[in-house]
Amino acid sequence: MAEETDLTGLYVAVPIYFAAMACAAIWAHSRTNALEASGKDKLTAHYLGGRAFGPLLTAGTMFASLFSGYTVVGIPNEAYRTGWLALRWIPSVLIITFGYMGTGPRLRKAGLVRNHQSPADFMTDRYCSQILRYTVVFLMLFPSIIYLVAQVTAIKSTFNSIFRLDVDAAWPVILIMFIILIFEWVGGLTSVALTDGVQGIIMTVAFMAIPIVIKRQFGGWNSLDLNEYPKPSFYQNPSGDSQWLLWNFSVVNFGFFSLPHLLQRTYSSGSMKALKGGYMALLIGPWLMMLPGIFMGTVGVQILADAGNPNPPNPFAAILEEMMKFGGFPQAVGIIAFTSSLAGIMSTADSLIIAVSQVISSELVYPCRPNATPTFVTLVGKATSLVTVCVALLIGLFANQGISQLGAIQFAVSLQTVPMFLVGLFATNDRTDCHPWSLAAGGLIGAASSFILHFAYMNVPERVTFPLDTGVTGLVINIFCVAVSEAMRRKLFAVKGEQSIKPLLGEVGEVLEADLYHNRPTWDKPHINRFGAVPLTPRFMWSIMDGVYEPMTKPWYNFAVFILVLVITPLVPEKLPPLDESGLFFVYAPAVVRGMPWWAFKIIIFSLLLTITLLGAVASIPNEFPIDRKKIEMEGIDPNMVPLTNEELGRRSSYDEVNLGIRNRRSSIANNMRSRGLSLVKPDPYADLPAKRNLSNMVSSDLVEKLANLEKMDPDIEEVSEES
């Protein structure tokens with residue numbers, strides 16, 4: 001453990017860290033109050049930060065939410081025990097970002113047009129099915145709660161280890177979890193995002209400095225002697241099973257984008273530019289956080305062997321202690337690194353708490369109390385956060401063994417939402433769309449298959465003849481079930497002569513009852529007045545994305561990513577070169593590039609190519625959703641596709657209240673178009689707005705807000721010029 005002098009530094013650093021968190025929470029509290037005073041409902045202010053996070057805040061909170069305590073502590077420990085196979089985390093994070101940036105623009109645009117707030121709102125709006133909605137809620141909540149419990153056990157082990165407390169001491173983790181809870185209560189998602197930013201800075205500084213210290217004091221990969229390295233098997237080609245599981249590991253984490261705490265960031269960002277900043281932070285993150293951790297673990301094998309401590313319970317802590325013995329800068333880096341381990345865990349825990357709170361309060365409580373005010377629901381959400389923390393503490397402290405087994409399949413379960421989201425976002429018509437019950441059945445059967453495969457097969461070593469990734473296998477079963485159920489439905493129940501669904505224009509302001517999926521009971525149809533006047537059909541979804549460049553809709557782009565992920569996998573003969581009978585020396589020298597096995601160097605090079613490919617794709621996404629002003633002036637626009645301004649978003653006073661602000665503006669647009677002979681859409685009789693303003697200005701969100709501000713000063717103003 002750390003020396004007494006080292007603990008002195010930690011006694012200073014950790015309180016400073018908590019003081020910085022408290023300052024961020026206090027500032028967030030004042031900002032949240034200002035948002036509510038400006039007219040935002042409390043739910044939007046608390047859970048989405050007013051939907052106004054800028055690029056830096058979005059990048060900071062996305063970075064710290066994804067690169068958790070396992071990044072700080074777990075990856076160095078994994079590299080110490082498995083060698084360069086820990087490089088699997090780099091392509092895995094790149095695939096997480098690939099899914100996130102591929103779905104994010106559509107989810108954000110749909111959220112702006114349809115006023116989505118909760119992580120499950122898109123699925124509710126798109127499929128109008130209670131069965132699918134609650135299936136999605138379950139597949140979101142289960143992995144999130146398990147993930148949160150894992151953070152509880154990580155905080156306990158890390159804090160107790162750092163300060164040399166009894167390993168079973170529970171009071172530190174209880175205290176820290178309630179501090180996190182208070183920060184969330186005080187400032188909502190704004191507090192979480194600000195503290196995430198501070199935590200992200202601490203983690204980045206630590207992991208940029210650690211390799212410098214190790215390289216200077218102990219040497220790097222080039223300094224390792226193959227004939228004396230304590231674990232020569234690290235230089236052998238991985239086994240066939242390990243290579244197979246490495247590829248599966250990249251695929252299984254594709255579904256991260258559907259976790260509620262990441263979906264919150266999609267809705268809370270103030271612009272596509274802000275989201276792009278977050279995506280870029282996630283793409284750069286593995287090289288700042290994970291590669292240094294792998295360097296630390298693999299070089300640490302030699303460091304701890306030379307120190308006479310080859311089998312420490314926590315290699316990360318043991319390596320830092322060896323660094324800190326040099327005093328000065330190495331000791332300061334060690335103190336920051338120990339603090340960063342705590343920061344990494346807390347940054348994920350706070351994000352999970354507020355995400356679970358929002359899903360439960362918005363999807364389970366609010367529908368039962370539809371006339372409740374957002375203020376009341378927010379109070380229920382805070383109580384939910386308290387209950388969530390207490391449950392996580394109870395499970396983490398008293399049922400750790402069982403939860404570790406569930407933790408092995410948490411992301412396998414979240415992966416089962418992928419078909420639901422991808423079909424909902426990218427289906428082009430009713431022929432490529434799927435019935436919500438088919439998707440729900442596939443998701444539940446896929447999740448159940450993951451449970452069964454893990455506990456009845458992978459968790460029983462004597463039964464394992466071929467390693468299966470429970471998530472990927474469950475996903476294959478999921479897709480198969482969806483395909484079979486869809487084929488049966490279309491064969492047995494399809495309406496004769498049914499044609500592709502066309503977008504319904506209807507009367508602006510009038511909520512249309514349109515059942516896109518026939519022969520369902522009334523109880524399966526949720527209330528969706530709050531989302532708009534027409535259903536969110538596949539063609540409507542594509543129409544609102546018209547003119548937006550989306551890399552994921554390009555087949556060549558998806559194929560390039562698939563090929564890069566494939567070649568990142570070593571794909572080499574296993575266990576070469578062989579070791580002699582002693583198991584300490586190679587029969588012939590392994591191929592080494594810059595001190596690492598050549599297949600590890602290959603993983604790094606192709607991961608770098610994948611990073612560059614994805615960075616290019618992010619850069620190609622527009623900073624804002626484009627508006628073709630000339631086309632709008634000449635041809636008009638479907639008023640139902642006009643996005644809400646930031647002023648119009650988040651102004652509900654009850655669960656399913658129609659948004660009067662956007663209804664009236666869309667009615668005004670319809671009046672304007674009708675007066676020009678551009679459309680036969682019937683104007684809303686309840687709207688009393690001028691009908692001769694510049695049409696494209698009425699569609700553009702920023703100009704609408706400018707117009708509103710001008711009209712406050714001069715009610716007679718009827719038009720804002722395009723140049724304004």
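Select Asn519 to begin: in this predicted model, Asn519 has a relative accessibility of 63% and therefore counts as exposed. The residue belongs to the loop between α19 (470-492) and α20 (538-544). Although 26 residues separate Asn519 from Phe493 in sequence, their C-alpha atoms are 8.7 Å apart in space.

Most residues other than glycine have a negative phi, and most peptide bonds are trans.

Go to Arg51, in the loop between α2 (42-48) and α3 (55-66). Arg51 is not a glycine, yet its phi is positive, at about 55°. Is Arg51 buried or exposed? Its relative accessible area is 4%, so Arg51 is buried.

Select Asn115 next, in the loop between α5 (89-114) and α6 (121-127). Asn115 is buried, with a relative accessible area of 5%.

**A cis peptide bond**

Move to Leu576 and Pro577, which are joined by a cis peptide bond with omega at about -5°. Pro577 lies in the loop between α21 and β1 (592-593).

**Helix pairs**

The crossing of α21 past α22 is left-handed.

Now show α7 and α18, which pack with their axes 8 Å apart at an angle of about 30°. That angle makes α7 roughly parallel to α18. The crossing of α7 past α18 is left-handed.

**Aromatic rings between α7 and α18**

Keep both helices on screen and display the side chains of Phe142 and Phe451. Across the model, the count of aromatic pairs is 28. In the pair formed by Phe142 and Phe451, the ring centres are 5.4 Å apart and the planes stand at 55°, so this pair is tilted. Which parts of the chain does the pair tie together? Phe142 is in helix α7 (residues 130-162) and Phe451 is in helix α18 (residues 436-458), so the pair connects parts that are 309 residues apart in sequence. Phe142 is buried, at 16% relative accessible area, whereas Phe451 is partly exposed, at 25%.

Phe451 and Phe455 form a stacked aromatic pair, with 6.5 Å from centre to centre and 20° between the planes. These two residues are 4 apart in helix α18, a separation of about one helical turn. Phe455 is partly exposed, with a relative accessible area of 33%.

**Further rings and charges**

Select Phe98, Phe122, Phe254, Phe257, Phe421, Trp556 and Tyr557, which ring pairs link into a cluster. Then display Arg88 with Phe249: the charged end of Arg88 sits over the ring of Phe249, 4.0 Å from its centre. For another such arrangement, show Lys109 with Phe625; the charged end of Lys109 sits over the Phe625 ring, 5.0 Å from its centre.

**Helix α13**

Finish with helix α13 (residues 328-365), which has 38 residues. From its first C-alpha to its last, α13 reaches 54 Å, close to the 56 Å expected at 1.5 Å a residue. Of the 38 residues of α13, 32 are buried, so this helix is largely enclosed by the rest of the structure.

Note on methods. Residues are numbered from 1 along each chain as its sequence is written. This is a predicted model: local features need pLDDT of at least 70, side-chain atom pairs count only at pLDDT 80 or more; totals for chains, interfaces and linings use all residues. Side-chain values use heavy atoms; hydrogens and water are left out. Rings of Phe, Tyr and Trp (its six-membered ring) pair if their centres lie within 6.5 Å; planes under 30 degrees apart count as stacked, over 60 as edge-to-face and the rest as tilted. Buried means under 20% relative accessible area, exposed over 50%, partly exposed in between (1.4 Å probe, protein chains only). A charge sits over a ring if NZ of Lys or CZ of Arg is within 6 Å of the ring centre and within 35 degrees of the ring normal. The expected span of a helix is 1.5 Å times one less than its number of residues. A crossing is left-handed if the near helix is turned anticlockwise from the far one by less than a right angle, and right-handed if clockwise. Axes are lines fitted to C-alpha atoms, for helices over the stretch in contact, and angles run from 0 to 180 degrees between N-to-C directions. Angles under 35 degrees count as roughly parallel, over 145 as roughly antiparallel, 65 to 115 as roughly perpendicular and the rest as oblique.
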